[in-house]
Amino acid sequence: MEPYLLRYFLAVVETGSFTRAAEACLITQPSLSAGIKRLEEQLGVTLFVRNNKRVFLTTAGTRFLPRAKTILHECNVAIAELAQTEKARVLRVGVLQTLSGAWVAGCLKGFREAYRGADKTGRFDLFEGTEQEILNRFDERGIDYALSIRRVDDHSSVPLYDETYVLALPADHPLAGVKEVRGEDLSDQPMIVRSRCEVLSETSRYFTDRNVRPPLAYRTANDERALRMVAAGVGATVVPQSHAAQGVVTTRLLGFTHSRTVALFRPRHALPDHLIPMGQAFEAYISQLAPPVG
């Protein structure tokens, strides 16, 4: 149902005349009549009763009137919001949910302060998700940049830092001071599963290969909560080296050599002209940042 047909309908209601409605819509009367007929065909009802002096709504038309006003209002609001978004400096950034929250927040805060310091305005719309969810958003043109894991060495991304995965333990754990922990040492150690961890299957295989089956104490998709549970003594977990929390210490897991490269992913589509300066500044700023301290 085209919005202009609703405008024709409402114009007839407001003026009580096809002639005056056509004048208000800046079209000819035959065009307006054809539009009303098309709308009636789409709805499957007659909307108006016509006589020589005035046009009246039918029962169906009376029932449709508030709906037509609501639909047209929502269309106008959507158009206005899209127009505002197109003109605003809003950079849409995807963020891998297993990145250090403190590091990501520091990146965005630092850029905003530097960018505003140059007498410019701009803001972020953030999307948090898994690697695949971020890739999907790129394909849908739902994000402009992303902070995620680099799997392929090409020009689509700028590598920022490399980090290994380590074992996180409560600070008062008997193994907390050990430089390198064997998987066999954790046979009776309750474990916390980070369900969105990129090396979750590799971690499971690591223990299986050593015939070690630590008890599962907790499972969560929230990394901050996982670390809080580690600090509380609920269990241990495998985390990226940059993850840190009060009451948590990390150590190497013997034979577990997996690592990841965190990168800034460039746009896969042309940015609107008004966003190009902000995008270039964002890329330059993020590319020179120091890695997080674990």
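Colleague: Why does Glu-283 count as buried?

Modeller: The relative accessible area of Glu-283 is 18%. A residue is called buried when that value is under 20%, and Glu-283 is therefore buried. Please bear in mind that this is a predicted model.

Colleague: Where is Glu-283 placed, and which residues does Glu-283 touch?

Modeller: Glu-283 belongs to helix α9, which covers residues 276-287. Leaving aside residues up to four places away in sequence, Glu-283 touches Tyr-145, Val-158, Leu-264 and Arg-266.

Colleague: What makes β6 and strand β12 a pair?

Modeller: Two strands pair if at least two bridges are found between them. β6 (residues 157-170) and β12 (residues 259-265) share 7 bridges, so they pair, and they do so in the antiparallel sense.

Colleague: Which other strands pair with β6 in the antiparallel sense?

Modeller: Strand β10 (residues 237-240) pairs with β6 over 4 bridges, in the antiparallel sense. Within that pairing, Tyr-165 has Pro-240 as its bridge partner. Strand β11 (residues 248-253) is also antiparallel to β6, again over 4 bridges. There, Ala-168 is opposite Thr-250, and Pro-170 has Val-248 as its partner.

Colleague: How do you know that strand β6 is mostly covered?

Modeller: Of the 14 residues in β6, 11 are buried. Each of those has a relative accessible area under 20%.

Colleague: In which sense do strand β7 and β11 pair, and over how many bridges?

Modeller: β7 (residues 180-181) and β11 pair in the parallel sense over 2 bridges. The criterion is at least two bridges, so β7 and β11 qualify as a pair. In this pairing Val-181 is opposite Leu-253.

Colleague: What is the angle at which helix α1 and helix α3 pack?

Modeller: Helix α1 (residues 3-15) and helix α3 (residues 29-43) pack at about 110 degrees, and their axes are 9 Å apart. Angles from 65 to 115 degrees count as roughly perpendicular, so α1 is described as roughly perpendicular to α3.

Colleague: Which residues meet between α1 and α3?

Modeller: On the α1 side they are Tyr-4, Leu-5, Leu-6, Tyr-8, Phe-9 and Val-12. On the α3 side they are Ser-31, Leu-32, Gly-35, Ile-36, Arg-38, Leu-39 and Gln-42. The contact of α1 with α3 comprises 9 nonpolar, 3 polar and 1 charged residues.

Colleague: Why does Lys-37 count as exposed?

Modeller: Lys-37 is part of helix α3. Its relative accessibility is 52%, and exposed means over 50%, so Lys-37 is classed as exposed. The C-alpha atoms of Lys-37 and Phe-48 are 10.0 Å from each other, with the two residues 11 apart along the chain.

Colleague: How many disulfides does the structure hold?

Modeller: The structure holds 0 disulfides. A disulfide is a covalent bond between the sulfur atoms of two cysteines. For Cys-25, the closest cysteine sulfur is that of Cys-75, at 15 Å. The cut-off is within 2.5 Å, so the sulfur of Cys-25 is too far from that of Cys-75 for a bond.

Colleague: Why are Arg-141 and Asn-211 called exposed?

Modeller: The threshold is over 50%. Arg-141 has a relative accessible area of 55% and Asn-211 one of 59%, so each is exposed.

Colleague: What makes Val-212 buried?

Modeller: Val-212 lies in the loop between α7 (200-209) and β9 (216-220). Its relative accessibility is 5%, under the 20% limit, and Val-212 therefore counts as buried. Beyond residues up to four places away in sequence, Val-212 touches Gly-183, Glu-184, Leu-186, Ser-187 and Phe-207. The C-alpha atom of Val-212 is 9.0 Å from that of Asp-185, a residue 27 places away along the chain.

How values were computed
Residues are numbered from 1 along each chain as its sequence is written. This is a predicted model: local features need pLDDT of at least 70, side-chain atom pairs count only at pLDDT 80 or more; totals for chains, interfaces and linings use all residues. Side-chain values use heavy atoms; hydrogens and water are left out. Axes are lines fitted to C-alpha atoms, for helices over the stretch in contact, and angles run from 0 to 180 degrees between N-to-C directions. Angles under 35 degrees count as roughly parallel, over 145 as roughly antiparallel, 65 to 115 as roughly perpendicular and the rest as oblique. Contact means heavy atoms within 4.5 Å. Ala, Val, Leu, Ile, Met, Phe, Trp, Tyr, Cys and Pro count as nonpolar, Asp, Glu, Lys and Arg as charged, and the others, Gly among them, as polar. Buried means under 20% relative accessible area, exposed over 50%, partly exposed in between (1.4 Å probe, protein chains only).
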